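Keep the model open as you read.

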Amino acid sequence: MSDQSSPSPVTLADVAAHAGVSMATASRALNGSSRVVNAEMTERVLASSRELGYSANALAQAVARGSTRTVAVVLGDVADPYFSSIAAGVIEEAEKNDLVVTMWATGSQPDRLLATLKAMRGQRPQVLIIAQSGHLDPEDDEPITDELAALQKSGTTVCTIGEASGGFRRLLVGNYEAASELATALVARGYSRFVVLRGDPALRTPTERSDGFRAGLKSAGLEPIAVEVGGFSRAGALDTMAAALASGLRPDCVFAVTDVMALGAAAALRAAGLEPGVDVGVAGFDDIESVRDVTPAMTTVAIPLAELGSRALRVALAGESDPDEGSIAGEVVLRESTPAR
């Protein structure tokens, strides 16, 4: 039995040679570049392509035109319901506009985000949505801002969620105001000894929520008995809350800057023999689906996360950039985890 190798795929170089033109001309003719190739030469290239059975690279065609029909979404953690709900909203809106969504999870480290943005340059998405918290220190975000500016210059429309700086289109979230309203509502229910789980103090979003909650307490003449810094996750909040309880802290209410963290805090309370919603109130922020189903159902600030994603894409496509037009407010939702005392 003879050894037969598979034929090599036809390349752009083969088409160019067959048509008697340069590779650059063949590429422009096939990929739809803004640099026009005359009709006779274009027909020669197309005829050679058909005869040889050449299949053009869709990405190359899009790059030649300046951008792809894609929306790139950069998330902190795709497994986090907060981020996955935002992504679902982007996907729903993208389908209405015949766009394809790609997702990139980068955590909260600036170097990972920067590497992702550099890798994205060659793909030239039509829209880039940043759905993660920025950093309070401008030096952390300066290289990222520069890279975003380079992407925008190359034809990508950049829209950030929750960030007001950088000169990009943005969709603002009323984190500070809603957290302040939550604190006021909890004080009205009779709570006075608060522990705040604020997450990473270098990140803008948890800082806005923590500061807003403390401002609401201050307006009622109160201060939290502790503001705990720890991991921006369920496991991180569980460990932080467990350590706070072990140190002797006895709050009557715990506020965590995300629902995921609030679930971790509730688990730590149970492990210490305290019943959430009975011995200690627990409140979060975001209103992810799971906090509606746990027992007791959890008090939170409802952010319409899917709408946040779809609205961010509409802002990018429609060109909205005024923060008064591109903003979403949170709504305090009081549930069984914080009964009146």
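Start with helix α1 (residues 12-19) and helix α3 (residues 39-52), which pack at an angle of about 120° with their axes 9 Å apart. This is a predicted model. Angles of 65 to 115 degrees count as roughly perpendicular, and those over 145 as roughly antiparallel. The pair α1 and α3 is therefore oblique. Their crossing is right-handed. On the α1 side, the residues that meet α3 are Asp-14, Val-15, His-18 and Ala-19. Their partners in α3 are Arg-44, Val-45, Ser-48, Ser-49, Glu-51 and Leu-52.

Move on to a second pair. Helix α10 (residues 234-246) packs against helix α11 (residues 259-271). Here the angle is about 40°, and the axes are 7 Å apart. Only angles under 35 degrees count as roughly parallel. So α10 and α11 are oblique to each other. The crossing of α10 and α11 is right-handed. From α10, the contact draws on Arg-234, Ala-237, Leu-238, Met-241, Ala-242 and Leu-245. From α11 come Val-260, Met-261, Leu-263, Gly-264, Ala-265, Ala-267, Ala-268 and Leu-269.

Now step back to the whole chain. The protein has 13 helices and twelve strands. It has 341 residues, and 47% of them count as buried. Take the contacts with a separation of 6 or more: residues 24 or more positions apart account for 74% of them.

Individual residues show such separations. Ile-91 sits in helix α5 (residues 81-96). Its relative accessible area is 31%, so Ile-91 is partly exposed. Gly-309 is 218 residues from Ile-91 in sequence, yet their C-alpha atoms are 8.1 Å apart in space. Leaving aside residues up to four places away in sequence, Ile-91 touches Val-101 and Met-103.

Gly-155 is another case. This glycine is placed in the loop between α7 and β4 (157-161). Its relative accessible area is 40%, so Gly-155 is partly exposed. Gln-126 is 29 residues from Gly-155 in sequence, and the C-alpha to C-alpha distance is 7.0 Å.

Next, look at one helix from its own axis. In α6, the buried residues include Leu-113, Leu-114, Thr-116, Leu-117 and Met-120. These residues cover an arc of only 160° around the axis, which puts them on the same side of α6. The spacing fits a general rule. An α-helix has 3.6 residues a turn, so residues three or four places apart point the same way.

How many salt bridges does the count come to? The count is nine salt bridges. One of them joins the side chains of Lys-118 and Glu-147, at 3.4 Å from N to O. Lys-118 lies in helix α6 (residues 110-120) and Glu-147 in helix α7 (residues 138-153), so this pair ties together parts that are 29 residues apart in sequence. Is each partner buried or exposed, or in between? Lys-118 has 48% relative accessibility, so this lysine counts as partly exposed. Glu-147 has a relative accessible area of 4%, so this glutamate is buried.

A second bridge links the side chains of Arg-335 and Asp-287, at 3.1 Å from N to O. Arg-335 lies in the segment after β12 (331-333), and Asp-287 in the loop between β9 (281-283) and α12 (290-293), so the bridge ties together parts that are 48 residues apart in sequence. Both Arg-335 and Asp-287 are buried.

The side chains of Glu-307 and Arg-314 also meet in a salt bridge, at 2.7 Å from N to O. Glu-307 has 33% relative accessibility, so this residue counts as partly exposed. Arg-314 has a relative accessible area of 30%, so this residue is partly exposed too.

Conventions: Residues numbered from 1 in each chain as written. Predicted model: local features only at pLDDT ≥ 70, side-chain atom pairs only at ≥ 80, totals over all residues. Heavy atoms only, no water. Salt bridge = Lys/Arg side-chain N within 4 Å of Asp/Glu carboxyl O. Helix = DSSP H or I, 4+ residues; strand = E, 2+ residues; numbered from the N terminus. Buried < 20%, exposed > 50% of the residue type's maximum accessible area, 1.4 Å probe, protein only. Arc of directions from axis to C-beta. Axes fitted to C-alpha atoms, helices over the stretch in contact; angles between N-to-C directions. Left-handed = near helix turned anticlockwise from the far one by under 90°. Contact = heavy atoms within 4.5 Å.
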